[in-house]
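Here is a friendly set of questions and answers to work through with the coordinates open. Take a look first, and then read on.

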Amino acid sequence: MWAPAFCRKHFSLLTVVCVAAVLLSLAPASGSAEKEIPITKFSQNVGGYGATMTFLYCYSCGYRKAFDEYYNIIHEKYPEIQIKGGNYDPPGFNMYLSKVLLVTKLLMIIALMSNFDVFGFLRTATPSWWRWCTENKMYACMMIFFLGNMIEAQLISSGAFEIALNDVPVWSKLETGRIPAPQELFQIIESHLQFSDKIEANPDFVK
């Protein structure tokens with residue numbers, strides 16, 4: 001008799017922890033605080049001249065590879081520019097919904113693996129699909145995990161590849177519908193830095 005009570009106690013504790021984690025992640029940041037951009041392994045301070053190029057891209061769209069390629073070619077031609085990159089968080093309801101879905105997915109897996117009677121706890125009839133899940137736990141958990149990941153990826157898939165130079169937006173895939181060609185990006189950099197004598201192209205760069 002102690003097993004159901006034990007499972008119920010721990011399931012309730014895990015539920016509270018998951019809900020608290022979601023509330024903390026959804027809490028808005030301070031209005032005076034600037035949004036921090038997560039730096040990837042390729043990001044580094046390469047000079048101290050103050051010129052910074054920031055890439056915010058859709059990670060789930062596979063644009064990380066494009067960012068890595070742009071990092072290499074920009075760093076080769078303009079070694080003084082500091083380059084930063086990070087995931088573009090889509091605005092609006094989708095980001096919140098993806099976090100709720102994440103917690104729901106985890107709670108369902110925990111309930112299945114701990115034999116917690118969710119519908120008995122809610123004092124409602126157990127639906128047939130949940131009975132099937134409890135009879136096929138491993139398969140059901142894998143299906144919930146991968147299906148949840150697929151839906152989450154669709155919710156946060158923005159298609160973004162946004163570029164800013166010294167906090168000034170210089171390219172937006174959301175507006176143009178495409179990623180800039182390398183020569184286009186070089187022209188943008190040169191046009192924004194033409195009045196600066198601190199940033200110069202590498203004379204050994206092969207066009």
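Bear in mind that the model is predicted.

Q: Is the aromatic pair of Phe-116 and Phe-121 stacked, tilted or edge-to-face?
A: The two ring centres lie 5.6 Å apart, and the planes meet at 50°. Planes under 30 degrees apart would count as stacked and over 60 as edge-to-face. The angle falls in the remaining class, so the pair is tilted.

Q: What is the angle between the planes of Trp-132 and Tyr-139?
A: These residues form an aromatic pair with centres 5.8 Å apart. Tyr-139, at a relative accessible area of 53%, is exposed. The pair counts as edge-to-face, with an angle between the planes of 85°.

Q: Is Ala-164 buried, partly exposed or exposed?
A: Ala-164 belongs to strand 3 (residues 161-165), and it touches Thr-52, Met-53, Thr-54, Pro-169 and Val-170, leaving out residues up to four places away in sequence. Its relative accessible area is 15%. Buried means under 20%, so Ala-164 is buried.

Q: How far apart are the end C-alpha atoms of residues 100-122?
A: UniProt lists these residues as "transmembrane region" in an unreviewed entry. In the model the span is 78% helix and 0% strand. Its end C-alpha atoms are separated by 20 Å.

Q: Which residue has its charged end over the ring of Phe-186?
A: The charged end in question sits 4.3 Å from the centre of that ring. It belongs to Lys-77.

Terms used: Residues are numbered from 1 along each chain as its sequence is written. This is a predicted model: local features need pLDDT of at least 70, side-chain atom pairs count only at pLDDT 80 or more; totals for chains, interfaces and linings use all residues. Side-chain values use heavy atoms; hydrogens and water are left out. Helices (H or I, at least four residues) and strands (E, at least two) are DSSP runs, numbered from the N terminus. Buried means under 20% relative accessible area, exposed over 50%, partly exposed in between (1.4 Å probe, protein chains only). Contact means heavy atoms within 4.5 Å. UniProt positions are given in the numbering used here, feature names are shortened, and annotations may be inferred rather than shown by experiment. Rings of Phe, Tyr and Trp (its six-membered ring) pair if their centres lie within 6.5 Å; planes under 30 degrees apart count as stacked, over 60 as edge-to-face and the rest as tilted. A charge sits over a ring if NZ of Lys or CZ of Arg is within 6 Å of the ring centre and within 35 degrees of the ring normal.
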